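Work through the exercises below with the structure open beside you. Try each task before you read its solution.

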Amino acid sequence: MGVSVLPAYLCRRDLAAGSLVTLAEPREAPINTGYLAVRAGAQARPAVARVRAHLVRALRAAPPY
């Protein structure tokens with residue numbers, strides 16, 4: 001028997017299947033802040049701008065947990 005703290009996205013399937021159980025559900029989910037850094041002027045390069053746009057779209061579309 002054991003207890004662990006894991007982000008929901010890592011164990012969503014196991015939670016749905018019932019092989020894991022949630023012991024506590026906080027009112028507010030923890031905030032995980034991500035930062036994307038690029039060199040000054042790098043966004044002028046088309047490949048860098050495409051990667052940045054893709055990452056921003058994907059992260060904004062993802063559920064918070």
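This is a predicted model: local features need pLDDT of at least 70, side-chain atom pairs count only at pLDDT 80 or more; totals for chains, interfaces and linings use all residues.

**Exercise 1.** Describe how well helix 1 is covered, then turn to the protein chain.

*Solution.* Step one: apply the cut-off, since buried means under 20% relative accessible area. Step two: count within helix 1. Of its ten residues, one is buried, so helix 1 is hardly covered. Step three: take the protein chain, with its 65 residues, of which 3% count as buried. The accessible surface of the protein chain is about 6500 Å², and carbon and sulfur atoms hold 57% of it. Step five: list the elements. The chain has two helices and zero strands.

**Exercise 2.** Is Ala37 buried or exposed?

*Solution.* Step two: take its relative accessible area, 71%. Step three: compare with the cut-off. Exposed means over 50%, so Ala37 is exposed. Step four: look across to Arg52. Ala37 and Arg52 are 15 residues apart in sequence, and their C-alpha atoms are 9.4 Å apart in space.

**Exercise 3.** Which residues make the nonpolar surface patch of about 450 Å²?

*Solution.* Step one: name the members, which are Leu36, Val38, Val51, Leu55 and Leu59. Val51 belongs to helix 2, residues 46-61.

**Exercise 4.** Give the volume, the lining and the residue classes of the second largest pocket.

*Solution.* Step one: the second largest pocket holds about 170 Å³ of space. Step two: its lining is Gly34, Tyr35, Leu36, Leu55, Val56, Leu59 and Arg60. Step three: sort these by class. Five are nonpolar, one is polar and one is charged.

Technical notes:
Residues are numbered from 1 along each chain as its sequence is written. Side-chain values use heavy atoms; hydrogens and water are left out. Patches are made of residues with over 30% relative accessible area and no salt bridge: like charges are joined within 9 Å, nonpolar side chains (Val, Leu, Ile, Met, Phe, Trp, Tyr) within 5 Å. Accessible areas come from the Shrake-Rupley method with a 1.4 Å probe; for residues, only the protein chains shown count as cover. A salt bridge is a side-chain nitrogen of Lys or Arg within 4 Å of a carboxyl oxygen of Asp or Glu. Helices (H or I, at least four residues) and strands (E, at least two) are DSSP runs, numbered from the N terminus. On a 1 Å grid over the protein atoms alone, a cavity is a set of points where a 1.4 Å probe fits but cannot get out, and a pocket is an open set with protein on both sides within 12 Å along at least five of seven lines; lining residues have an atom within 4 Å of a point. Grid points are joined across faces, edges and corners, and a volume is the space filled by probe spheres set on the points. Ala, Val, Leu, Ile, Met, Phe, Trp, Tyr, Cys and Pro count as nonpolar, Asp, Glu, Lys and Arg as charged, and the others, Gly among them, as polar. Buried means under 20% relative accessible area, exposed over 50%, partly exposed in between (1.4 Å probe, protein chains only).
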